[in-house]
Amino acid sequence: MPVSIFAGEVCRSWKFEDREGIKHEVSLWHHPLTGARAAMVDHEELEGSLGTSSVFHAARTSMPFQAGSAHGIISINRASLGFEYACSVDGILVPEATTAQSREKIPGYATRFNPSEDEIQTASYTSRVESYATSRDHAQPTLAIAWYCVATFETRSGRELTRVHRRFRDFVELDESIQAAFAGHHMLSSVPPLPSKRFKLVQDHLDSAFLESRRHELDDYVRRLCAVPRVWATAAMKPFFG
């Protein structure tokens, strides 16, 4: 599906196994309007990927890479009013991590290029924002900052998996990453809105009533976010939730 040049920053991820069974992840960031691009292979910058691919440049940009024993190409293809993205490994197209793929297997590459049963699950994990706390900012000891405790559970068993503390700006960065990952997908409309920012000039961000209200709003946000199909396949989820 083409992504409009006005979609904002776009992030695409592809996951696969090489012939030795080693798992790899490829990620592409692209801004359709400015053309700025960058790619990573197994969380390391792909040499030569930094550059520009805009409507004024070539109709196709190809970025070859190697991951273990696998050789692949990331492609940015100019469409009529935007761009399309693709990744092929050893000559086979890899499904995007955020795209709801058919469970039909790619002949000869069932394990390497198709999501596992757990990855297909709508909500493998659930998360809650259970509490908040305040502390001094290490960079500016005279300032106090607020943290929100985020606990993540396995959906089927209810077993707690992680417990981390995040600031509101971390939620903002998560939301921006999710928006970029789903840009151009029909599932974008299912991503819940992040609670709005409130200016410190008109609202005390350390007021207990405000913190509890924001905790409740963030709890609702992550609960709904975790239920979005394929959201756990995006690159930003697991680092945020620990």
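Colleague: Which residues does Ile178 touch, not counting residues up to four places away in sequence?

Modeller: Contact means heavy atoms within 4.5 Å. By that criterion Ile178 touches Val191, Leu225, Val231, Thr234 and Met237, residues up to four places away in sequence not being counted. Please note that this is a predicted model, in which local features need pLDDT of at least 70 and side-chain atom pairs count only at pLDDT 80 or more, while totals for chains, interfaces and linings use all residues. Residues are numbered from 1 along each chain as its sequence is written, and side-chain values use heavy atoms, with hydrogens and water left out.

Colleague: How many residues has the largest nonpolar core?

Modeller: A nonpolar core is a set of buried Ala, Val, Leu, Ile, Met, Phe, Trp, Tyr and Cys residues joined through side-chain atoms within 4.5 Å; buried means under 20% relative accessible area, exposed over 50%, and partly exposed in between, with a 1.4 Å probe and protein chains only. The largest such core has 28 residues, and Ile178 is among those with the most contacts inside it, as are Phe171 and Leu225. Helix 4 gives the most to this core, with seven residues. Apart from it lies another core, of 22 residues, among them Trp14 and Met63.

Colleague: Where does helix 4 lie?

Modeller: Helices (H or I, at least four residues) and strands (E, at least two) are DSSP runs, numbered from the N terminus. Axes are lines fitted to C-alpha atoms, for helices over the stretch in contact, and angles run from 0 to 180 degrees between N-to-C directions. Helix 4 (residues 208–226) lies across strand 11 and strand 12, at about 155° to strand 11.

Colleague: What is the order of the strands in the open sheet of three?

Modeller: Two strands pair if DSSP finds at least two bridges between them. Here the order is 11-12-13, with antiparallel pairing. Strands 11 and 13 stand at the edges with a single partner strand each, so one side of each is left without a neighbour in the sheet. Strand 12 (residues 144–154) and strand 13 are joined over six bridges, and Thr152 stands opposite Thr162 in strand 13.

Colleague: Where is confidence lowest, and where highest?

Modeller: pLDDT is the predictor's confidence in each residue, from 0 to 100. The protein averages 86. Helix 2 (residues 117–120) has the lowest mean, 45, and strand 7 (residues 60–67) the highest, at 97.
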